Amino acid sequence: MGSATLACVRLPQRIDRAAGGLAADAALYAISAVFALVTALTSTLLPHRAWGAVAAWGYLVAFLVAAGQWALHKPAWRLPSTWVIWGATTLLPLVMQAVQRADGRTDRAQEEVLVVEHMGERLAHTGTPYLSREAITALPPGEQLLGYSPYQPGMSIFGLPRAAGDVWWTDARIWFAVVTAAALVTAVRLLPTPISLVRPLQFATVLPICALTLATGGDDLPVLALCLLALACCATGRYTAAGFAIGAAASLKLFAFPVLAVLLVLAFTHGSLRRFLPGALGLPILTLLPACLVDGDSFVENVLRFPLGHGVVTSPAQSPFPGYLIAQALPGGRYVAAGLLVAVGLAIAFFLVRRPPRTADTAALFCGWGLLAAILLMPTTRFGYLLYPLALLVWSSALTLREPTATTAPRSDTALYRL
């Protein structure tokens with residue numbers, strides 16, 4: 001590696017570590033405060049505006065706290081401060097919106113919250129969280145989109161409290177936050193160096209791409225947090241727990257399956273496949289079986305046909321990434337984008353077999369780059385999905401050199417994926 005290339009690689013690390021990390025903290029919180037303020041003033045989505053009006057003050061306080069820590073040379077306070085800032089910028093606006101919604105406001109939750117709560121209600125009353133294609137077609141045109149539930153059956157668990165009553169703590173976002181917090185606290189406790197965990201934790205909690213998502217919608221955050229917990233378990237040799245963590249994530253959303261595949265290879269390289277598989281595959285199968293037994297075609301309609309563009313209505317997930325632009329601009333563009341996505345998937349699978357990750361930090365990088373490529377090439381996607389690859393890529397730094405000694409010591413090969 002040439003000196004110029006090496007300097008370019010090290011420059012972001014030097015910026016990140018300046019003043020014990022506090023300089024970057026202050027910059028990130030300042031940018032986040034501006035983003036929240038702009039969101040509060042200009043967003044066309046009312047839940048987003050409500051989040052921004054509260055979070056902007058939280059980020060401003062966070063900036064002042066980081067600047068104060070910088071002046072006092074107190075980098076050891078960064079980790080506890082991150083948890084407090086998460087409360088101010090995410091949990092506080094979330095609870096406020098849940099309370100206002102319970103009091104009758106209809107503009108205090110995104111559509112995915114309603115979808116998950118409907119899943120829970122259907123599960124409680126019919127035994128399956130999904131409507132059939134015929135039932136969706138029979139709905140009024142304005143309600144057909146909300147009739148679809150493009151999640152794994154396990155997601156309906158977050159909607160069950162709402163089936164019991166319409167109060168603030170039955171809001172699905174409250175339970176998204178509970179699971180997210182439990183998974184992240186457990187992951188942080190597993191990893192032994194608090195200072196190195198601050199930046200990864202920020203990218204999973206307080207920065208707007210996660211904070212806004214959890215406060216207004218939130219279904220992606222427990223999936224992400226369980227994936228990060230699974231990686232932390234692998235880094236510390238807890239492959240049984242890792243299997244149950246990633247299995248729980250895969251029971252909620254298909255986005256967890258690429259991470260599951262990478263961790264399966266990692267478990268195989270460590271001779272821990274038998275410990276990993278029961279939870280990793282058992283939990284998704286256990287949650288899938290009842291829905292398929294009650295109405296398997298409804299599951300296929302909601303979880304497979306609809307995201308692939310073959311539902312009664314079209315998914316609104318249409319962020320202008322390359323896959324979407326190709327699908328819209330070229331004749332037969334949807335098939336071209338799908339072909340590119342398959343080709344990239346096969347290339348990643350080939351690379352996974354030829355150069356399998358041998359450490360948890362490398363596995364995190366593998367997951368991050370793979371999901372980034374998939375999100376950019378999917379014909380139907382959302383900007384918010386970027387929270388997955390961003391958090392996974394940054395989380396890898398918390399896992400570096402955490403591998404337990406094994407019979408055959410794995411070599412660290414993260415440089416291959418960081419370049």
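P379 counts as buried because its relative accessibility is 12%, and buried means under 20%. The model described here is predicted.

P379 lies in the loop that links α18 (360–377) to α19 (387–399). In sequence, P379 and A338 stand 41 residues apart, yet their C-alpha atoms are 7.0 Å apart in space. A338 is also one of the residues that P379 touches; the others, leaving out residues up to four places away in sequence, are G323, Y324, A327, R334 and A337.

T170 belongs to the loop between α8 (160–164) and α9 (172–190). With a relative accessible area of 1%, T170 is buried.

Where does the side chain of T170 reach? It reaches the backbone oxygen of G165, at 2.8 Å. G165 is also among the contacts of T170 when neighbours within four places in sequence are set aside, together with E117, P161, R162 and W175.

## The largest nonpolar core

In soluble globular proteins, nonpolar side chains tend to be buried together. In this model, the largest nonpolar core has 98 residues, and the members that touch the most others are M155, I246, L263 and W395. Helix α12 (residues 220–235) supplies the largest share of this core, with 14 residues.

Which residues does L263 touch, not counting those up to four places away in sequence? They are A230, L231, C234, I246, F276 and A363.

Key
Residues are numbered from 1 along each chain as its sequence is written. This is a predicted model: local features need pLDDT of at least 70, side-chain atom pairs count only at pLDDT 80 or more; totals for chains, interfaces and linings use all residues. Side-chain values use heavy atoms; hydrogens and water are left out. Helices (H or I, at least four residues) and strands (E, at least two) are DSSP runs, numbered from the N terminus. Buried means under 20% relative accessible area, exposed over 50%, partly exposed in between (1.4 Å probe, protein chains only). A polar contact is a pair of N or O atoms within 3.5 Å; within protein, one must be able to donate a hydrogen and the other to accept it, and residues adjacent in sequence count only if both atoms are side-chain atoms. Contact means heavy atoms within 4.5 Å. A nonpolar core is a set of buried Ala, Val, Leu, Ile, Met, Phe, Trp, Tyr and Cys residues joined through side-chain atoms within 4.5 Å.
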